Amino acid sequence: MICVFCGLSMTASAQCGIENTAFKSGESLTYDLYFNWKFIWMKVGSASMDTQMTKFEGKDAWKSYLITRGNEKLDKYFTMRDTLLSYCDKDLSPLYFRKGAREGDRYYVDEIWYSYPHGHSKLKKHRIDADGEQHWRTSEYKACIFDMMSIFLRARNFDAAKLKKGEVIPMPISDARSLSNSWLEFRGKENFKVSETKEKFRCLVFSFYEWEDNRSRELIRFYVTDDQNHIPVRLDLFLNFGSAKAYLKNYKGVRSPMTSKIN
């Protein structure tokens with residue numbers, strides 16, 4: 001935790017950018033979603049993530065969006081219709097984030113606009129609650145601040161050769177309501193076989209933690225290919241109402257050869 005809080009003192013102008021070596025414009029990833037219901041894993045939906053180079057406010061920017069959709073099995077217990085949109089500049093510093101989510105019987109929207117005055121991170125936040133009430137606020141931080149999409153793109157570009165097992169990487173994340181003290185922990189390497197496609201990969205394993213109620217809580221554990229692409233092939237999600245998993249179903253438009261595949 002000392003590493004996490006010390007990391008918050010880094011100035012935004014010096015630390016928010018990172019060179020993109022993992023993906024190119026046109027990459028498309030699709031996933032099957034599973035949920036644990038009474039000790040049985042059921043396929044409950046799908047997710048897709050697409051990334052392309054486009055324009056944001058007249059400048060070159062990465063546009064990435066993630067769409068998750070539950071099927072009829074999940075709808076019986078919990079409706080899930082989420083769309084996440086992110087724009088980042090060429091060095092992956094976040095510019096804009098939007099989440100439109102129908103979760104259960106409520107629908108809400110989060111938006112964040114980023115700017116970097118005087119080496120700080122300035123966030124203009126907008127939230128539309130399930131009852132339609134709108135909230136606006138502006139926050140400014142000395143640290144680099146991310147969202148659930150920009151942190152994903154950034155993490156894919158970490159140099160795994162420089163990481164040691166157990167190493168902690170501060171990654172504070174904001175939504176339109178609050179800032180979370182959160183971080184990634186590198187858990188080492190494992191091999192993983194995707195049951196649907198029968199493909200086997202060498203993977204780097206990370207856990208995403210959040211500090212909540214005076215304790216650390218693991219929210220996501222993800223397995224990314226141990227090659228230049230760093231494509232997530234498996235995600236374990238530890239939710240308030242159960243456990244879920246996402247398995248890579250298809251990928252296209254990847255930037256580099258998939259050298260992590262095991263024959």
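**Notebook: charged residues and their partners**

I started with Arg156: setting aside neighbours within four places in sequence, Arg156 is in contact with Ala22, Phe23, Glu27, Leu29, Asn229, His230, Ile231 and Pro232 (contact means heavy atoms within 4.5 Å). I noted that this is a predicted model, in which local features need pLDDT of at least 70, side-chain atom pairs count only at pLDDT 80 or more, and totals for chains, interfaces and linings use all residues. Numbering runs from 1 along each chain as its sequence is written, and side-chain values use heavy atoms, with hydrogens and water left out.

I placed Arg156 in the loop between helix H4 (150-155) and strand E9 (168-170). Helices (H or I, at least four residues) and strands (E, at least two) are DSSP runs, numbered from the N terminus. Arg156 has a relative accessible area of 3%, so I logged Arg156 as buried (buried is under 20% relative accessible area, exposed over 50%, partly exposed in between; 1.4 Å probe, protein chains only).

What does Arg156 form a salt bridge with? The partner is Glu27, with the closest N and O atoms 2.8 Å apart (a salt bridge is a side-chain nitrogen of Lys or Arg within 4 Å of a carboxyl oxygen of Asp or Glu). The pair links distant parts of the chain: Glu27 sits in strand E1 (residues 27-37), Arg156 in the H4 to E9 loop, and 129 residues separate them. Both Glu27 and Arg156 are buried. I also found a polar atom of the Arg156 side chain 2.9 Å from the backbone oxygen of Asn229.

**Other salt bridges**

I counted 11 salt bridges in the structure. Asp129 bridges to Arg127, closest N and O atoms 2.9 Å apart. Arg127 is buried because its relative accessible area is 5%. Asp110, Arg127 and Asp129 are linked in a network of salt bridges.

Glu212 and Arg217 meet in a salt bridge at 3.5 Å, N to O. Arg217 is at 17%, so Arg217 counts as buried.

**Glu210, without a bridge**

I then looked at Glu210, in strand E13 (residues 200-212). Glu210 is buried yet has no salt bridge. The nearest side chain of opposite charge is that of Arg217, 5.3 Å away (Lys and Arg count as positive, Asp and Glu as negative; His and the chain ends are not counted).

Which side chain makes a polar contact with that of Glu210? I found Ser180, at 3.0 Å. A polar contact is a pair of N or O atoms within 3.5 Å; within protein, one must be able to donate a hydrogen and the other to accept it, and residues adjacent in sequence count only if both atoms are side-chain atoms. Leaving aside neighbours within four places in sequence, the contacts of Glu210 include Ser180, Trp183, Arg215 and Leu219.

**E7 and E8**

Strands E7 (residues 121-128) and E8 (residues 134-141) pair antiparallel over eight bridges (pairing needs at least two DSSP bridges between two strands). I traced Lys124 to its bridge partner in E8, Thr138. E7 and E8 form a hairpin with five residues between them. In the turn, Gly132 has a positive phi of about 90°.

**Asp82**

Asp82 lies in strand E4 (residues 80-88). Its relative accessible area is 9%, so Asp82 is buried. Not counting residues up to four places away in sequence, Asp82 touches several residues, among them Arg69, Lys99, Arg102 and Glu103. I also checked Gly70: Asp82 and Gly70 are 12 residues apart in sequence and 9.2 Å apart in space, C-alpha to C-alpha.
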